Amino acid sequence: MKLGRITTGCILSAVLVSGALLFIVSQKVQSTERDINFLETKIAREKESVRVFQAEWAYLNRPDRLEKLAANSQLEPTAIPQSLDRQIMIQTVVVPIPIRKPVFEKMDNTPALIQVSTQTEKTEDTPIITPQNNSPEKDENFADLIQNLETGVGE
Amino acid sequence: MKRHPLARLSFTIMGNKSSALEKARSRLVLLSAFFIIAYLVVAIRMFDLMILQGMFFVDENITQEKQAISTLAPKEMRRADIVDRNGVLLATSLKTASLFADPKLVVDAQETAKELAKLFSSQSYESYLEKLQKKNRFVWLKRNLIPSEQNKIMLIGDPGLAFREEYQRVYPQGELVSHTIGYVSQDNKGLAGLERAFQPLLSENKKEVSLKTTLDVRLQHALRQEIQNTIEKFSAKAGTGLIMDVNNGDVLAMVSLPDFDPNVKGKMSDDTAFNRASLGVYELGSVFKIFSTAALVESNDNALTMTFDATEPLKRGRYTIRDYHPEKRILTVPEVFMVSSNIGTALMGESIGTDGLKAFYKKLGLFEKPDTVLPEVGSPLYPRPWRDINTLTASYGHGIAVSPLQLVTAVSTIVNGGYSVRSRFILPEQEKHENTFETASVRVIKEETSQVMRGLLRLVVTDGTARKAEVTGYEVGGKTGTAEKPGAHGYDRNKLISSFVGVFPTSAPKYVVFVAIDEPHGIKESYGYATAGWTAAPAAGRIIKRMASLLGIPPIEKPQQQDETNKLLVSHTEGEAL
């Protein structure tokens, strides 16, 4: 009789404990699944925005645009003299050096302007880059490109 | 003594019936315990559902993100990217969201319209409001949004706003590589260029790898810009150009102008979509003398000492062959090549013979449609049946029309030491086509012939018709070609195709540069000339100069001995300064 009670008690508590454990485990599984789902969604979104950034990077680095920007900020490459004498080459090439490290402002579609300090001393030989405020044409906006997409021709 | 209130529970039943009552009581306890536990489980579960999990769903962003993800059909695969040889993006697929509204579900039309008008200045508050208050259940608000804009709209949080997401093909380089890359249809199927050639590979995209082309956007830009400038300068109709690696046939740049922006298909026309570099076939004239002269050198060991009489125009049957700048004297082979004498070359062709010339052209693949992955490829046009007079005209590039791509491929074979090349647009590690070879390995012409031809090409630039293509330190060699376009009444003297095919450095050729200008007009600066020496050759020179600095090719400090030996062969040239 007493033995039966003890076994009943044991079984009962075992059921309770395992039930509780099962519940906890299932809770954990569910929350982990949610986390996975959430992270996967997030990863997919991040990947997609990385792709957009890559496309935008490629768009903003088109050779013709870079050329325009370089011309605007007077950063055109120095013409390499077609001279074969290295000594002459070294003497003739004058590389313009900005007096201060360039500071890039505003990373949106306006061109990064190079800030040059005019207060520091300048030597006579060093050409100084002066910033120009010629903003590039309006069509430089990536979001505009995307919105005006007409990809695909109708059959 | 006060009794404990719970003491009543711990009573003991005594007597006969005690065991039966005891049993009943324990059953009762068990039963109530069971119900208590059951209710407890229900309570915990409700707590779990309402509090624990409910908390999670309150976060609106997550539900909306889930919603956004689910609107994209899972079957839709992302089309693979196309990149240039340095990994610069040429074509990509972006998931763009288009915003629509279900006006029935819109909670506060005025507030939402206000927010939308704040985000996008392209439409006014009134127009948004009007759309949001419509009676129907679907209205487009804004097409093709990028993720950052999409996030801002999500923050408005109106349940009536929703997105439809789809992949859109985007070409970040715009018109720069339009003809090589091609374009896609509305349902993202490749219709032209590499997009069409690699349609299965690009659309399946199982491994998420991008298609790596042989192009180099920097060279492509230099080539396109120089041709564009030349077209404008000489008020020409069109232009085309190619840069090829002579050793493996890699097409580094291919330009056909006018071109189109594949991002804006509406503006595309048949003229802009036409690829002049590979689909168009042209009678390119004197550049063909490279092949006929090579045929002579190949078949005759003493070719360089042979002379041809160019004193009089050549008469064969009803045909008369004239020179553009008649020398009116006997010319050696290098001189014929250098001054680009039609008479001399026609006589060369005659001495090679019809069978010999045809066999040589065949070896260079000039009679077959070029074997290349690009779908837009033109078949060469040549006389059928081939009469003996055709041998004479074909030796100076008349009566035979090939595409610039085919010409450049054949020139590569001539200068690379004699190995057959096939034009290549995809870097080999990905190319799954049969018969792929790393570098050219099938010899079709003799090493010595190639050597002699390089010298002759160099001579044209140092002392001949293409002096304006010279770039100090880079040993440019090449051949000009000014051909009259066939019109309704024979060849039209005023409609030219001026072309130049350049090779550099001639001591160990690496690149072939081809430039052709369609219908250039003479200007004051060129003394009214629109010939290749004034149009295409200087453009090619500028391109080579830019290539050298872009690719970091060091200049050759001392001119090669070869230059001098070739000059000896033309020592008795009159007029032209040596």
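Two strands are taken to pair if DSSP finds at least two bridges between them, and helices (H or I, at least four residues) and strands (E, at least two) are DSSP runs, numbered from the N terminus. The structure is a predicted model, in which local features need pLDDT of at least 70 and side-chain atom pairs count only at pLDDT 80 or more, whereas totals for chains, interfaces and linings use all residues. Residues are numbered from 1 along each chain as its sequence is written, with chains lettered from A and ligands numbered from 1 in the order in which they are written.

In chain B, strand S6 (residues 238-245) pairs with strand S14 in the antiparallel sense over eight bridges, and Asp245(B) stands opposite Tyr511(B) of S14(B). Strand S13 (residues 490-504) of chain B is likewise joined to S14(B) by eight bridges and runs antiparallel to S14(B); here Gly502(B) stands opposite Val513(B). S13(B) and S14(B) form a hairpin, with six residues between them.

A residue is called buried if 20 or more other C-beta atoms lie within 10 Å of its own, exposed if 12 or fewer do, and partly exposed in between, with C-beta atoms placed from the backbone. By this criterion, eight of the eight residues of S14(B) (residues 511-518) are buried. Both faces of the strand are covered, with Tyr511(B), Val513(B), Val515(B) and Ile517(B) buried on one side and Val512(B), Phe514(B), Ala516(B) and Asp518(B) buried on the other.

A nonpolar core is a set of buried Ala, Val, Leu, Ile, Met, Phe, Trp, Tyr and Cys residues joined through C-beta atoms within 7 Å. The largest such core has 146 residues, of which Leu242(B), Val411(B), Val512(B), Val515(B), Ala540(B) and Ile544(B) touch the most other members. Helix H18 (residues 536-551) of chain B gives the most to this core, with eight residues. Two residues are in contact if their C-beta atoms, placed from the backbone, lie within 7 Å. When neighbours within four places in sequence are left aside, Ala540(B) is in contact with Ala469(B), Gly478(B), Phe500(B), Gly502(B), Val513(B) and Val515(B).

Helix H17 (residues 447-463) of chain B is also mostly covered, 13 of its 17 residues being buried. The expected span of a helix is 1.5 Å times one less than its number of residues, so the 17 residues of H17(B) should span 24 Å, in agreement with the 24 Å that separate its end C-alpha atoms.

Elsewhere in chain B, Ala162(B) lies in strand S4 (residues 161-170) and is buried, with 20 other C-beta atoms within 10 Å. The C-alpha atom of Ala162(B) is separated by 5.9 Å from that of Leu99(B), although the two residues are 63 apart along the chain. Leaving aside neighbours within four places in sequence, Ala162(B) is in contact with Phe100(B) and Asp102(B).

Chain A comprises four helices and zero strands, and 8% of its 155 residues count as buried. Among its contacts between residues at least 6 apart in sequence, 50% join residues at least 24 apart.

The contact between the chains takes 32 residues from chain A and 43 residues from chain B. On the side of chain A that touches chain B, the elements giving two or more residues are helices H1 (2-60), H2 (63-72) and H4 (142-147), and the largest share, 14 residues, comes from H1(A). By class, this side has 14 nonpolar, ten polar and eight charged residues, where Ala, Val, Leu, Ile, Met, Phe, Trp, Tyr, Cys and Pro count as nonpolar, Asp, Glu, Lys and Arg as charged, and the others, Gly among them, as polar.
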